[in-house]
Amino acid sequence: MHHTTAMLIELGAIVLALGLLGRLAGRVGFSPIPLYLLAGLAFGHGGLIPLRASEEFIATGAEIGVILLLLLLGLEYSASELVTNLKTQYPSGAVDFVLNATPGAVAALALGWGPVAAVALAGVTWISSSGVIAKVLGDSGRLGNRETPVILGILVIEDLAMAVYLPILTALLAGVSLAGGSVTLLISLGTVGAVLYLALRHGRVISKAVSSDNAEMLLLVVLGLTLLVAGVAQQLQVSAAVGAFLVGIALSGEVAEGASNLLTPLRDLFAAVFFVFFGLSTDPADIPPVLVPALILALVTSLTKIATGWYAARRAGIRSAGRWRAGGTLVARGEFSIVIAGLAVGVEPRIGPLATAYVLILVILGPLAARWTEPVALRLTGRGGSAPAPVPAPAPAPLPECAVGPASVSEVPDGVAVAVAGPAEEAGAVRPSG
């Protein structure tokens, strides 16, 4: 069979299967991500029916999927909101690093893999999956929740930290001199700083230049700009995902809203391809020998991620339900963990299968944790059925006109965000403390 013909047949079968799995997941009220991963595992290397002709196309589509997931997340927030969030969330980022990198480093040393492998496995267990979490937030309708900016703050800090971590790891793996590693690190930091500066100072100019009344032109310009910036960022040792996120925050107003509407179907398609590719690239035969240590590591770091999210949300003044939701949402690991493990296999070949098993466990457990951590935790702490005592209404008084915005959103115990008019203090909203 001709290669192009085989590729079309395979792609058609994959997309059709994704559609059917998505419908099945929707009927049972479940995230489709685990089903996409298991489908990829079944039809990848060592699977039931390996797919060969479409492998290269799917790999490219997976990269585009991650880029679009982060672009759409960036479109939800402005550059000033990002900077404010980073300023308030950096202590949470430090706690995130200590709690989640330490188990990986300790595990590598306990297995006798050496200090360089310890640095690599620390990165595998540290970084949450922006792609999986972005999909979970969208599927669960939580983009408007008060804890979502906290979750995104942690993810952005992690992604930006990759601009420091990856050059250091690459230098350690290659035995590069301190001077050579320092130059790479400076280039990475300079790139992130430059893009942030452009987004902050010239975001309106960029939005005006990109804006178009023609939907086709807007789609082409925004998509082309995002892929270009993502590619340049990756070439400069900065994550392509970070580049796409920064493009998203640089766009605002009607441009951001229009681009979001146009790109959402593309994001959903390529995000599904990303999760399938993750499964396709895994040989099921490599998993059983490392399954026990991967399970132990997954259990420990699930708890540390939940603790991270709970702490970060508590610092932001969010109530108990939102704290548990934030922690459960951060559990999933994914794309960065696999990239890090791929870099480190030359130093320790066993880190590849262990990281793959670990990520597969958490990428399946992640959507479940995002959904069930809150009700389980509240039930265990005896707060699941309690409701706050009603507050007596103040005497009627004329209220000034005011816009309903993020500061006037009050969270009720069942996790529903309710918009109310008037100052946040009168509505009972909890103001961030940091």
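This is a predicted model: local features need pLDDT of at least 70, side-chain atom pairs count only at pLDDT 80 or more; totals for chains, interfaces and linings use all residues.
Modeller: Residues are numbered from 1 along each chain as its sequence is written, and side-chain values use heavy atoms, with hydrogens and water left out.

Biologist: What makes residues 215-235 helix H9?

Modeller: Helices are DSSP runs of H or I with at least four residues, numbered from the N terminus. H9 has 21 residues and reaches 30 Å from its first C-alpha to its last, close to the 30 Å expected at 1.5 Å a residue (the expected span is 1.5 Å times one less than the number of residues).

Biologist: How do you know that the buried residues of H9 line one face?

Modeller: Those residues are Leu218, Val222, Thr226, Ala230 and Ala233. Seen down the axis of H9, they fall within an arc of 80°, so they line one face of the helix (the arc is that of the directions from the helix axis to the C-beta atoms). On the other side, Glu216, Leu220, Leu228 and Gln235 are exposed.

Biologist: Why is Ser302 called buried?

Modeller: Buried means under 20% relative accessible area, exposed over 50%, partly exposed in between (1.4 Å probe, protein chains only). Ser302, in helix H12, has a relative accessible area of 8%, so Ser302 is buried.

Biologist: And why is Leu236 called partly exposed?

Modeller: Leu236 lies in the loop between H9 and helix H10. Its relative accessible area is 31%, so Leu236 is partly exposed.

How values were computed
Helices (H or I, at least four residues) and strands (E, at least two) are DSSP runs, numbered from the N terminus.
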